[in-house]
Amino acid sequence: MAQTKKVTFTGALGAELAARLDLPAGKPRAYALFAHCFTCSKDIFAAARVSAGLAERGIAVFRFDFTGLGHSDGEFANTNFSSNVADLKAAAEFLRQSHEAPKILIGHSLGGAAVLAAAEAVPEAKAVATIGAPFDVEHVSENFSASVDEIREKGEAEVTLGGRPFVIKRQFLDDIGSQDQARRIADLRKALVVFHGPLDRQVGIDNAAAIYSAAKHPKSFVTLDDADHLLTERSDAIYVADVISAWATRYLGETVETARAAPKAKEGEVLVAESGVGRFGQSISVGGRHTLTADEPPQVGGEDTGPTPYDLLLSGLGACTTMTMRMYAARKKIPLDRASVTLRHDKIHAEDCGDCETREGKVDRIEREITLEGDLTGEQRRKLLEIAGKCPVHRTLHSEVDIQTSLA
């Protein structure tokens, strides 16, 4: 199962920018950098869903809030298209230093124009994908066309975009008017795929035609049929992720084998293999149907891409506990609305454990706190607590376990 990590890095204007890194269960096939739409954020449906979809297909995606937007610091009024492009370059450098440089650049709406502009500064990038992107950056001014004259006359104006107030300054208009996107697209020297919906009312399909015409091969166009500009339908975002994943394979130097997901376990087995993410990252396949990850926290050298082995142990005990109580409550018709378990693991000195047979060194202690919700009598609560101690995993932890290990 893909994991999302919260990250911060320093943007082009010196502000701390909020980001998310969507990681696949196994070692990433490649890293992608995602740029969101004008005045949107990294968490907008399109960004989140496309990124999650790509992570499920083995591609790690780094998405962030531009300066002054979302959870990032800084003043939006002091930004412009050029500063967005500079933020993208800073994000690429952050990825380059912390993981590896992005091989895929993805931009939605104005973010699509931004990745086209930033592409020349990311030599490692092999492929660029735009989604509903404008050809001419000045197109964005249509979002506040009624205020353009006021901005030029007074130097700035407050406009409403997406139901929120934003201050647009004259320097923003001057900046978008100075962008030479035609040259940038013609000189891209990277594979390009243009996604656009013919019914897009915010950025017309003619923009896709202009981008495609200006670009040199290899280039592709993918229609999004009846998708809206923001890709609010989950199926549209999944389709974009599917196509990018398959299309990029040709340009990432992958074979069919290297593009495959982490190996799967057989029915009745659990397969754990190093994922290649950091020192300790693990990919876990359960019965060939479920995929999990495991890792260690940064303080011990891990990347925190998943729970620790002890976290998984506690999870198994907790799940078994609530399941066992649920089965008993159903059989005895006990009005249990909800059961939850909080677990903690620690090492304690044996001498501090009055009930332990071990008298020297340290022993493992698991604290299990059970919460029962519902109109229950005291006797019903006592019985459910008793049953919790009889769950199979609890019994396994208390019994002698024979672990036989061999080399495959």
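**Reading the model feature by feature**

A: Let us begin with a single side chain in this predicted model. Glutamate 379 has a relative accessible area of 47%, so it counts as partly exposed, the class between 20% and 50%.

Q: With which residue does glutamate 379 meet in a salt bridge?

A: A salt bridge is read from the distance between a side-chain nitrogen of Lys or Arg and a carboxyl oxygen of Asp or Glu, with a cut-off of 4 Å. The partner of glutamate 379 is arginine 382, at 2.5 Å from N to O. Both residues belong to helix 10, which covers residues 378–388, and they are 3 residues apart, about one turn of the helix. Arginine 382 is likewise partly exposed, with a relative accessible area of 42%. Where salt bridges share partners, they form a network: Arg20, Asp22, Lys42, Asp43, Arg63 and Asp65 are joined in this way.

Q: How many salt bridges does the count come to?

A: The count comes to 18 salt bridges. Another of them pairs lysine 154 with glutamate 150, at 3.9 Å from N to O. These two residues lie 4 residues apart in helix 4 (residues 148–154), so about one helical turn separates them. Lysine 154 is exposed, at 62% relative accessibility, whereas glutamate 150 is partly exposed, at 34%.

Q: Which salt bridge links distant parts of the chain?

A: For such a pair, one reads the element that holds each partner. Arginine 344 forms a salt bridge with glutamate 367, and their closest N and O atoms are 3.1 Å apart. The pair links distant parts of the chain, since arginine 344 lies in strand 14 (residues 338–349) and glutamate 367 in strand 15 (residues 362–373), 23 residues apart. Both partners are partly exposed: arginine 344 has a relative accessible area of 40%, and glutamate 367 one of 37%.

Q: What do the charges look like over the chain, and where do negative charges gather on the surface?

A: One reads the totals and then the local groups. The chain carries 48 positive and 58 negative side chains, and the centres of the two sets are 5 Å apart. On the surface, Asp225, Asp226, Asp228 and Glu233 gather in a patch of negative charge. One of its members, aspartate 228, sits in the loop between strand 10 (219–223) and helix 8 (234–249). Aspartate 228 is partly exposed, with a relative accessible area of 34%.

Q: Which residues form a nonpolar patch on the surface?

A: Here one looks for nonpolar side chains grouped on the surface. Tyr310, Leu313, Ile366 and Leu397 form such a patch, and together they have about 320 Å² of accessible area. Leucine 397 belongs to helix 11 (residues 392–398) and is partly exposed, at 41% relative accessible area. Histidine 398 also lies in helix 11; it is exposed, with a relative accessible area of 65%. From histidine 398 to serine 82 the C-alpha distance is 63 Å, and 316 residues separate the two in sequence.

Q: Is glycine 318 buried or exposed, and what is it in contact with?

A: The limit for a buried residue is under 20% relative accessible area. Glycine 318, in helix 9, counts as buried at 9%. Apart from neighbours within four places in sequence, glycine 318 is in contact with Val341 and Leu343. Its C-alpha atom and that of lysine 383, 65 residues away along the chain, are separated by 18 Å.

Q: Where does threonine 308 lie, and which residues does it touch?

A: Threonine 308 lies in the loop between strand 13 (290–294) and helix 9 (309–331). Its relative accessible area is 16%, so threonine 308 is buried. Leaving out residues up to four places away in sequence, threonine 308 touches Asp295, Glu296 and Pro297.

Q: What do the totals say about the chain?

A: Totals set the single residues in context. The chain has 11 helices and 15 strands, and its C-alpha trace spans about 80 × 50 × 40 Å along the principal axes. Of its 408 residues, 47% count as buried. The chain exposes about 21200 Å², of which carbon and sulfur atoms supply 49%. Among contacts between residues at least 6 apart in sequence, 61% join residues at least 24 apart.

Terms used:
Residues are numbered from 1 along each chain as its sequence is written. This is a predicted model: local features need pLDDT of at least 70, side-chain atom pairs count only at pLDDT 80 or more; totals for chains, interfaces and linings use all residues. Side-chain values use heavy atoms; hydrogens and water are left out. Patches are made of residues with over 30% relative accessible area and no salt bridge: like charges are joined within 9 Å, nonpolar side chains (Val, Leu, Ile, Met, Phe, Trp, Tyr) within 5 Å. Accessible areas come from the Shrake-Rupley method with a 1.4 Å probe; for residues, only the protein chains shown count as cover. Buried means under 20% relative accessible area, exposed over 50%, partly exposed in between (1.4 Å probe, protein chains only). Contact means heavy atoms within 4.5 Å. Lys and Arg count as positive and Asp and Glu as negative; His and the chain ends are not counted. The place of a charge is taken as NZ of Lys, CZ of Arg, CG of Asp or CD of Glu.
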